[in-house]
Amino acid sequence: MEKIVSTSKSPFATEPVGRLILKFAIPCVISLLVNSLYNIVDQIFIGWGVGYLGNGATNVVFPITIIALALSLMIGDGGAAFLSLKLGEGDIDSAKKGVGNAIIMVAAVSIVLMAVFLIFINPILNLFGATDALRTYALQYGYIIGIGLPFMMIPAALNSMIRADGSPKYAMFSMILGAVINTVFDPIFIFVFHMGVRGAAIATVMGQVATFIMSAIYIFHFKTFRFDSSAFRLKRKICGKVLSLGISSFITQIAITFVMALSNNLLVAYGAQSIYGSEIPLTAMGIVMKVNQILISILVGISTGAQPIIGYNYGSKNFLRVRKAFDIAVVASEIVAIIAFLIFQFAPMSVVSLFGSEEGLYNEFAVLSFRIFLLFCPLTGFQTVMAIYLQAIGKPVKSAILSLSRQIIFFVPTAIILPMFLGVVGVLWTGPVADGLAFLFSLILLIYERKQLKENRTAA
């Protein structure tokens, strides 16, 4: 078995924790932001070039991209956590096999998902709330996005492991390259060639292909090891461990899909009974979800930037640095979340106006959605860091339960009950209720984990 000669010389063990988090978090935040901006950029140009029905169609397709991202992050974040823990233990051979197995898994899963989506695209769009007015646009956009799924999923997984390997800037630039290509060609295809939502989808896939190529090149340039054929032979035990470490990331993302499917159908049903109709609530809430995804990307980026530092030092039993990394990540996340809260509450129209020139009821409901649904968004920063912390220290079950708490355990019953009394506005109030309850649950877990960490430090 290969061993690291001296783990104490690793920057994860020696450099100041704050500087390390900054070094890893900034590229990670930018990478995840860029990934979220793919959809935001499409929405902006479609909003101005096609109208709100075009945006409504992309909102119906959006959950399938979240499913794809969920599977990618389960494998990629699991591989990254496995890599960090094994490097902390000094076991390079296992680290190498973990990454190799993760690459094979994500490649296979991406091809299967692409096939399933393209074959069953109509019933899938129905599941996510497609109406007759949106269907044509949704099919035009969805077929092309479906073809590009492997080019989205493989680099998304690889980038997590590239960051854990100590190359966060490389991961960042690979994402930026794709985003630049998407941003340049979106207006060309939509406004010059008048390709509508089809043009936006083609621009998106072109950017994803560029990111895929750059990420694939890195496979031959990992810093901490060199691949051999044995790394790519699937081992049940290694695959199981990688997937278990990444299950929290999967649940966080897949729960978003479930929430969007439930919310979309509730918005259509209760919206039809209101002055807003079905399409306005569906489209406006889709924009809120995607803007919120930008906030989540920043919070996850900060947490993921701390993940290799937490994982490495936990593996090498340096628990003081583990706690310091967690505390810094929480403070940084809360600052970002509070800034977002101020924008959503006091300047929501400045965000809404980015997505096209609409008026009347549409603007009214969009502003209402930002102010109500994201009322407790400052609380999500703490919960996000806590979930990734548990993942980083090898406690995937607790991490998964925490991720489930907000998205499923608290959200679903609230979403079903409140609209019965408040109508379509009740769907919006599910957000703050679920955020508040999930925060309390995170706080309980933190108290318990701090006690455990203190006992581990004493024993060490």
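Reader: Is Lys398 buried, partly exposed or exposed?

Author: This is a predicted model, in which local features need pLDDT of at least 70 and side-chain atom pairs count only at pLDDT 80 or more, while totals for chains, interfaces and linings use all residues. Residues are numbered from 1 along each chain as its sequence is written, and side-chain values use heavy atoms, with hydrogens and water left out. Buried means under 20% relative accessible area, exposed over 50%, and partly exposed in between (1.4 Å probe, protein chains only). Because its relative accessibility is 26%, Lys398 counts as partly exposed.

Reader: With which residue does Lys398 meet in a salt bridge, and in which helix does that residue lie?

Author: A salt bridge is a side-chain nitrogen of Lys or Arg within 4 Å of a carboxyl oxygen of Asp or Glu; the N to O distance between the side chains of Lys398 and Glu449 is 2.9 Å. Helices are DSSP runs (H or I, at least four residues), numbered from the N terminus. Lys398 belongs to helix H16, so the pair ties together parts 51 residues apart in sequence, the partner being Glu449 of helix H17.

Reader: Is Glu449 buried or exposed?

Author: The relative accessibility of Glu449 is 3%. At that value, Glu449 counts as buried.

Reader: Why are Asp93 and Lys96 separated by about one helical turn, and at what N to O distance do their side chains meet?

Author: The two residues lie in helix H4, three residues apart, which means that about one helical turn separates them. Both Asp93 and Lys96 are buried. The salt bridge between their side chains has an N to O distance of 4.0 Å.

Reader: How far is the C-alpha atom of Lys96 from that of Lys86?

Author: Lys96 has its place in helix H4, residues 92-119, and counts as buried because its relative accessibility is 3%. Lys86 is 10 residues away along the chain. Their C-alpha atoms are separated by 9.2 Å.

Reader: Which residue meets Asp327 in a salt bridge?

Author: Asp327, at 31% relative accessibility, counts as partly exposed. Its side chain meets that of Arg450, with an N to O distance of 2.2 Å. This pair links distant parts of the chain, 123 residues apart: Asp327 in helix H12 and, in helix H17 (residues 424-459), Arg450.

Reader: Which residues does Thr58 touch, not counting those up to four places away in sequence?

Author: Thr58 sits in helix H3, residues 52-89, and is buried because its relative accessibility is 2%. Contact means heavy atoms within 4.5 Å. The residues touched by Thr58, with that sequence exclusion, are Gln43, Ile46, Tyr141 and Lys290.

Reader: What is the phi of His194?

Author: Most residues other than glycine have a negative phi. His194 is in the loop between helix H8 (168-192) and helix H9 (196-218), and it is exposed because its relative accessibility is 65%. Its phi is positive, near 55°.

Reader: What is the phi of Lys317?

Author: Lys317 is placed in the loop between helix H11 (279-315) and helix H12 (319-346). With a relative accessible area of 57%, Lys317 is exposed. Its phi is also a positive value in a residue other than glycine, near 65°.

Reader: How far apart in space are Gly240 and Gly78?

Author: Gly240 lies in helix H10 and, with a relative accessible area of 38%, is partly exposed. In sequence, Gly240 and Gly78 are 162 residues apart. In space, C-alpha to C-alpha, they are apart by 9.7 Å.
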